[in-house]
Amino acid sequence: MTFLFRQVDKRYHKPVGAWDSEQHITQGTQILIYMWNAIKKKFPKASNEAVLKGSIAAYNAGQNSVTDLNKVDQRTTGGDYANDVVARAQYFKSHGY
């Protein structure tokens, strides 16, 4: 899953380690967990799947950009960041990764 976590945005975070290092992956994971908690707090009745997509969108565009879990990608890069990440994860899972 380094494809997701190598994208620690240096405009908002000071990346640590090389792009594929354990430190960098841990940093990306910590950012995603922070976003999960923020989105779960913002939408306490949402399903885990919706919170995950919202968290991924927030990882990309910031937690304040997620205002509607039915339109999580409205402010993300390319307008499909969260859906693209989920689709890629499903692809890799179905191919044994």
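Helices (H or I, at least four residues) and strands (E, at least two) are DSSP runs, numbered from the N terminus. By that rule, Ala46 is found in the loop between H2 and H3.

This is a predicted model, in which local features need pLDDT of at least 70 and side-chain atom pairs count only at pLDDT 80 or more, while totals for chains, interfaces and linings use all residues. Residues are numbered from 1 along each chain as its sequence is written, and side-chain values use heavy atoms, with hydrogens and water left out.

## Overall build

The protein has four helices and zero strands. Read from the N terminus, the order of elements is α-α-α-α. The radius of gyration (taken over C-alpha atoms) is 13 Å, close to the 13 Å from the globule rule for 97 residues, so the protein is as compact as a globular protein of that length. That rule is 2.2 Å times the number of residues to the power 0.38. Along the principal axes, the C-alpha atoms fill a box of roughly 35 × 35 × 25 Å.

How much of the protein counts as buried? Of the 97 residues, 34% do. Buried means under 20% relative accessible area, exposed means over 50%, and partly exposed lies in between (1.4 Å probe, protein chains only). The accessible surface comes to about 6,600 Å². Carbon and sulfur atoms hold 52% of that surface. These areas come from the Shrake-Rupley method with a 1.4 Å probe; for residues, only the protein chains shown count as cover.

Contact means heavy atoms within 4.5 Å. Take the contacts with a separation of 6 or more: 34% of them join residues 24 or more positions apart.

The protein carries 13 positive and 8 negative charges, and their mean positions are 7 Å apart. Lys and Arg count as positive, Asp and Glu as negative; His and the chain ends are not counted. Each charge is placed at NZ of Lys, CZ of Arg, CG of Asp or CD of Glu.

## The nonpolar core

In soluble globular proteins, nonpolar side chains tend to be buried together. A nonpolar core is a set of buried Ala, Val, Leu, Ile, Met, Phe, Trp, Tyr and Cys residues joined through side-chain atoms within 4.5 Å. Here the largest one has 19 residues. Those with the most contacts inside it are Ile39, Phe43, Ile56, Tyr59, Val66, Leu69 and Val72. Helices H2 (22-42), H3 (48-61) and H4 (81-94) each give two or more residues to this core. The largest share, five residues, comes from H3.

What does Ile39 touch, not counting residues up to four places away in sequence? Its partners are Val51, Gly54, Ser55, Ala58, Gln63, Val66 and Leu69.

Ile56 lies in helix H3. Ile56 and Met35 are 21 residues apart along the chain, and their C-alpha atoms are separated by 7.7 Å.

The table lists relative accessibility for several residues.

| Residue | Relative accessibility | Class |
|---|---|---|
| Ser55 | 0% | buried |
| Ile56 | 5% | buried |
| Ser65 | 8% | buried |
| Ala46 | 16% | buried |
| Asn60 | 18% | buried |
| Lys14 | 73% | exposed |

Ser55 is found in helix H3. Beyond four places in sequence, Ser55 touches Leu32, Met35, Trp36 and Ile39. Asn60 also has its place in helix H3. Not counting residues up to four places away, Asn60 touches Thr76, Thr77 and Tyr81. Asn60 and Pro44 are 16 residues apart in sequence and 21 Å apart in space, C-alpha to C-alpha.

Now the loops. Where does Ser65 lie? Ser65 is in the loop between H3 and H4. Leaving aside neighbours within four places, Ser65 is in contact with Ala57 and Arg75.

Ala46, leaving aside neighbours within four places, is in contact with Lys40, Val51 and Leu69. From Ala46 to Arg88 the sequence gap is 42 residues, and the distance in space is 23 Å, C-alpha to C-alpha.

Is Lys14 buried or exposed? Lys14 counts as exposed because its relative accessibility is 73%. Lys14 lies in the loop between helix H1 (2-5) and H2. Lys14 and Gln27 are 13 residues apart in sequence and 9.6 Å apart in space, C-alpha to C-alpha.
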